[in-house]
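Me: I am new to this structure. Please walk me through it in short questions and answers.

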Amino acid sequence: MEDDTSISDNSNVIRGPWTRARVVTPQETDRMTEDMNFIDEVAESIMIPTIHNLAENGVEIKDENANFISEVGFLNEIIKSIMYRTMGYGHPMSELVTSVMKVETENPLTTYAKFDHELVKKIVDNMFEEDDPA
């Protein structure tokens, strides 16, 4: 019999050890589905009046080059990330917000968030440098 530790070059066997996958109960699945539906409803209830308000104040919402749609989609994901965090779920947008927004305190009564324009510019510049095969 062949030793399990020696694997031939043409074998498609991958050695473990493997950890067991967590079993999700139907109740957990139902709760998560309800949570995601609730998060979508909250985001929609915020976004629809926001879009109407922007349109009433002169913002062109039928943008030919899709800037408005992209910006609204971004804002929608920000709202969802707030709700995800509030309900105990992770959301990738939370990491982005934490990275580009710096909370500053002037005194015990004045705390505000400051957008790091330079960091975002560096990130975007690096993205385009990676895409450019130069």
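Me: At what angle do the axes of helix α2 and helix α3 cross?
Reply: This is a predicted model, where local features need pLDDT of at least 70, side-chain atom pairs count only at pLDDT 80 or more, and totals for chains, interfaces and linings use all residues. Residues are numbered from 1 along each chain as its sequence is written, and side-chain values use heavy atoms, without hydrogens and water. Helices are DSSP runs of H or I, at least four residues, numbered from the N terminus. The axes of α2 (residues 67-86) and α3 (residues 92-100) come within 8 Å and cross at roughly 100 degrees.

Me: Which word describes how α2 lies to α3?
Reply: Axes are lines fitted to C-alpha atoms over the stretch in contact, and angles run from 0 to 180 degrees between N-to-C directions. Angles of 65 to 115 degrees count as roughly perpendicular. The crossing is at roughly 100 degrees, so α2 is to α3 roughly perpendicular.

Me: Which residues of α3 make the contact with α2?
Reply: Contact means heavy atoms within 4.5 Å. From α2 come Phe-74, Glu-77, Ile-78 and Ser-81. From α3 come Met-93, Ser-94, Leu-96 and Val-97.

Me: Is His-91 buried or exposed?
Reply: His-91 sits in the loop between α2 and α3. Buried means under 20% relative accessible area, exposed over 50%, partly exposed in between (1.4 Å probe, protein chains only). His-91 has 13% relative accessibility, so it counts as buried.

Me: Which residues does His-91 contact, leaving aside neighbours within four places in sequence?
Reply: The His-91 side chain also reaches the backbone nitrogen of Met-93, at 3.0 Å. Beyond the sequence neighbours, the contacts of His-91 are Glu-77, Lys-80, Ser-81 and Tyr-84.

Me: What does Asp-35 touch, not counting residues up to four places away in sequence?
Reply: Asp-35 is found in helix α1. With a relative accessible area of 13%, Asp-35 is buried. Setting aside those sequence neighbours, Asp-35 touches Met-87 and Tyr-89.

Notes
Helices (H or I, at least four residues) and strands (E, at least two) are DSSP runs, numbered from the N terminus. Angles under 35 degrees count as roughly parallel, over 145 as roughly antiparallel, 65 to 115 as roughly perpendicular and the rest as oblique. A polar contact is a pair of N or O atoms within 3.5 Å; within protein, one must be able to donate a hydrogen and the other to accept it, and residues adjacent in sequence count only if both atoms are side-chain atoms.
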